[in-house]
Amino acid sequence: FLVACIWAKNVQIVNGYEYSSPKRFTFLTSFPRDLQEYGKLTFRKEKINEWLVISALTGIMIAYDEPLIVEAQKIGNRFNLTNEDNTTEFFSIFDQPIRFPTDLGSSLYFIGDGILHLGIAGGLYTYGRFTHNNRAMQTGSQVAQGMASAGVLTQIIKHITGRVSPFRSDDGHTDKWTPFPNQIEYHKHVSHYDAFPSGHMAVCMATVTVIAENYSEVKWIRPMGYTAMTLLGFQMMNNGVHWVSDHPLAIAMGYYLGKIAVDNGRKKVSGENKSHFYIHPLINSDMSTGVSINYLF
């Protein structure tokens, strides 16, 4: 890929954006601000049409949710995709089980699992750390940041809407909402109340958005990411974890939270600053020293 990269004063400039090394634990400390920015960004007059589209899509899907669950499970059976959770615990960290898929069905569901997205975030950050690549480090930090924000926001809405997961309904495909459920009952029987919206889909969308925005020159990221999200959405219907109408709001939330994380993690190089020199010390592989002069234009 033809990408112009310049490092100076611990700042990397790529494709017209400045990337500095992310501060430690930014992904945890930033989500209150991210949620505030999300409110300011989405609840504006110019976003009314988007909200109308999301609401209309959700409403139409709710009307067809029950038969679509039945059809999804028929298709799953046809392709021998299990609707059971066949993930297996391989090890544990601080008494928390770390589970991985063991068949195709559980692999598709794993696309939205937090362990996978934490792995992506950690991999990017570690790669950036060892190669002194601020863009990779920022991308890893922003993925974790988007996960935290999406996780908090979806949990708030879940605790308000109280929608049953399909596999917990009386016959496996009957919808039921319990607005503002009793919180004690909620925590005793989480899957009876936490279907809407899909946290898996929101986190997945945030991850795809962050990586695609930071690596805009890599054209296959969005098509591959959206294909993976489609497979995830289907499998969550096949295994009865989510209704199809749980997804439109989740996708919109993930997109905007991903954009917010990216915008807070890099700075656009202004037009008047795009042409200038960078001069900094240089140490070569043979340990000789010198001065590196870079011109950005």
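A: The model is predicted. The largest cavity is lined by Y38, T42, K47, E50, W51, I54, L249, A252, M253 and Y256.

Q: How is such a space found, and how many cavities of 30 Å³ or more does the search of the whole structure find?

A: Rolling a probe the size of a water molecule over the atoms shows where empty space is left. Here the search returns 1 cavity of 30 Å³ or more. The volume of the largest cavity is about 60 Å³.

Q: Which helices supply at least two residues each to the lining of the largest cavity?

A: These are helix 2 (31-42), helix 3 (48-78) and helix 10 (247-265). Helix 10 contributes the most, with 4 residues.

Q: Turning to helix 5, what span should its 18 residues have?

A: Helix 5 comprises residues 114-131, and at 1.5 Å a residue it should span 26 Å; its end C-alpha atoms lie 26 Å apart, so the two values agree.

Q: Which residues of helix 5 are buried, and which exposed residues does the face turned away from the buried side carry?

A: H117, A121, L124 and G128 are the buried residues of helix 5. They cover an arc of only 65 degrees around the axis and therefore lie on the same side of helix 5. They pack against helix 6 (134-161) and helix 8 (199-214). The face turned away from the buried side carries the exposed residues L118 and F130.

Q: What is found at the start of helix 5, and which residue follows the helix?

A: At the start, a side-chain oxygen of D113 comes within 2.8 Å of the backbone nitrogen of I115. H132 follows helix 5, and its phi is positive, near 55 degrees.

Note on methods
Residues numbered from 1 in each chain as written. Predicted model: local features only at pLDDT ≥ 70, side-chain atom pairs only at ≥ 80, totals over all residues. Heavy atoms only, no water. Expected span 1.5 Å × (residues − 1). Buried < 20%, exposed > 50% of the residue type's maximum accessible area, 1.4 Å probe, protein only. Arc of directions from axis to C-beta. Contact = heavy atoms within 4.5 Å. Polar contact = N/O pair within 3.5 Å; in protein donor to acceptor, adjacent residues only side chain to side chain. 1 Å grid on protein atoms, 1.4 Å probe; cavity = no way out; pocket = protein on both sides within 12 Å on 5 of 7 lines; lining within 4 Å. Points joined across faces, edges and corners; volume = space filled by probe spheres on them.
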